[in-house]
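Q: Hi, I have just opened this one and would like to be walked through it. Could you take my questions as they come?

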Amino acid sequence: MFNNILIKNSQLVEAQFRGSVATGRKYYFTDIPNLSRNNIVLYGFSALTATQLSTAPSGKTVIAAADADQIVVTLRDIHKKEFVYQHPLYNLIRSNVGGFVSLLVPRRINLTDCYVEVTDTTGISTDEVVLFNFFYDIL
Amino acid sequence: MILTTDIVEAMPAKTAHELMEEYVSLGWAADYSSPPAANSKTVAIRLNDIQGTRTYMFQDEILDRSVIRAVEFVDSTSMGLNPKIKDPVSGDYYPNLSSADIAKLVFYFSSGDQDIIAVPGNSANLRLQNGKHFLTQIENIRWGDCYILLTGSAIGGVPVACIRVWYDG
């Protein structure tokens, strides 16, 4: 068997660069009512740049593909534990890793505690978003 | 297997091999080297070419009664012309969308007013994903409730989205 993710439910979520873009700052995910219930279990996720989706469903501008190697993402669970800490965004883009999706040991997450950081601000503009597809199941 | 809090809380202690077995039994992972399903069909639809608008799929009773195992956005590199919708004057099939145009689209599996799965076009293009399907396990939906959202700017011309659907049932 050569397994890849099977998607039961998914939701596009975004973290927006509000205010000035700077290293050392945390840019939090925007709340999604669908994912704010306590019975949501995240088991995989992928990232998208403008090459994968030119504009977010919210209408916001998505970061350029060239900026993907300047961003890391941190996910926190409902106990505030950073179970994914500073994961390189580049490796979460399916087409960069042979079409595979990153599976997670499943967690109930607190979306608005999750955030992205930049390691280099070059090319990233205020109000752009980093877009993710979160794959989840329901308890 | 039905997902419970106990199952989720026990998972961090498991080995990678045990985890993958559990993922398969929960329907969270599947073998990508096997055929996704016993049947497949091509669906094409002309898009509303206005940014932010939805194009709902035509009703399909076969897909309504089936388990949908995978979807694929076909781009013009993979197949130049769509095989379903023709220009009424010339009789020629309309071209498929380029990969750049597919990157303006999100397909939503929906049931009633609830979106179940968001499928960004690029993520479901077999060529761009090294042959890995966008695997799903969707059943008991109305295909006519599913739609394509044009998130990007207008495509121009006669934009026809060409989707391959893999299904059992």
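Q: Let's start with Y56(B): is that residue buried, exposed or partly exposed?
A: Y56(B) counts as partly exposed, at 40% relative accessibility; here buried means under 20% relative accessible area, exposed over 50%, and partly exposed in between, with a 1.4 Å probe and protein chains only. Before we go on, this is a predicted model, in which local features need pLDDT of at least 70 and side-chain atom pairs count only at pLDDT 80 or more, while totals for chains, interfaces and linings use all residues. Residues are numbered from 1 along each chain as its sequence is written, chains are lettered from A and ligands numbered from 1 in the order in which they are written, and side-chain values use heavy atoms, with hydrogens and water left out.

Q: How many aromatic pairs are there over all chains?
A: There are 16 aromatic pairs over all chains, where rings of Phe, Tyr and Trp (its six-membered ring) pair if their centres lie within 6.5 Å, and planes under 30 degrees apart count as stacked, over 60 as edge-to-face and the rest as tilted. One of them joins Y56(B) and Y147(B), a tilted pair with 5.2 Å centre to centre and 50 degrees between the planes.

Q: Where do Y56(B) and Y147(B) lie?
A: Y56(B) belongs to strand β3 (residues 54–56) of chain B and Y147(B) to strand β10 of chain B, so the pair ties together parts that are 91 residues apart in sequence. Strands here are DSSP runs (E, at least two residues), numbered from the N terminus. Y147(B) is buried, at 2% relative accessibility.

Q: And what kind of pair do F107(B) and F109(B) form?
A: F107(B) and F109(B) form an edge-to-face pair, with 5.0 Å centre to centre and 85 degrees between the planes, and both F107(B) and F109(B) are buried.

Q: Which residues are linked into a cluster by ring pairs?
A: F29(A), F45(A), F132(A) and F134(A) are linked into a cluster in that way.

Q: Which residues have the most contacts inside the largest nonpolar core?
A: They are F17(A), F29(A), L75(A), V116(A), F132(A) and F134(A), in a core of 45 residues. A nonpolar core is a set of buried Ala, Val, Leu, Ile, Met, Phe, Trp, Tyr and Cys residues joined through side-chain atoms within 4.5 Å. The element that gives the most to this core is β9(A), with 6 residues. Apart from it lies another core, of 44 residues, among them F135(A), I45(B), I102(B) and A161(B).

Q: Changing topic, which charged end sits over the ring of F100(A)?
A: That is the charged end of K132(B), 4.4 Å from the ring centre; a charge sits over a ring if NZ of Lys or CZ of Arg is within 6 Å of the ring centre and within 35 degrees of the ring normal. Likewise, the charged end of R164(B) sits over the ring of W166(B), 5.5 Å from its centre.

Q: What about G99(A), is that buried or exposed?
A: G99(A) is buried, with a relative accessible area of 0%, and is found in the loop between β6 and β7 (102–107) of chain A. Leaving aside neighbours within four places in sequence, G99(A) is in contact (heavy atoms within 4.5 Å) with N4(A), R94(A), Q129(B) and K132(B).

Q: Where is T151(B) placed?
A: T151(B) lies in the loop between β10 (147–150) and β11 (160–168) of chain B, and is buried at a relative accessible area of 4%. A polar atom of the side chain of T151(B) lies 2.8 Å from the backbone oxygen of T55(A).

Q: Which strands are joined to β9(B) by bridges?
A: Strand β1 (residues 3–7) of chain A is joined to β9(B) by 2 bridges and runs parallel to it, whereas strand β4 (residues 67–73) of chain B is joined to β9(B) by 3 bridges and runs antiparallel. The bridge partner of I7(A) in β9(B) is T136(B), and that of V71(B) is F134(B). As 4 of its 5 residues are buried, β9(B) is largely enclosed by the rest of the structure.

Definitions and conventions: A polar contact is a pair of N or O atoms within 3.5 Å; within protein, one must be able to donate a hydrogen and the other to accept it, and residues adjacent in sequence count only if both atoms are side-chain atoms. Two strands pair if DSSP finds at least two bridges between them.
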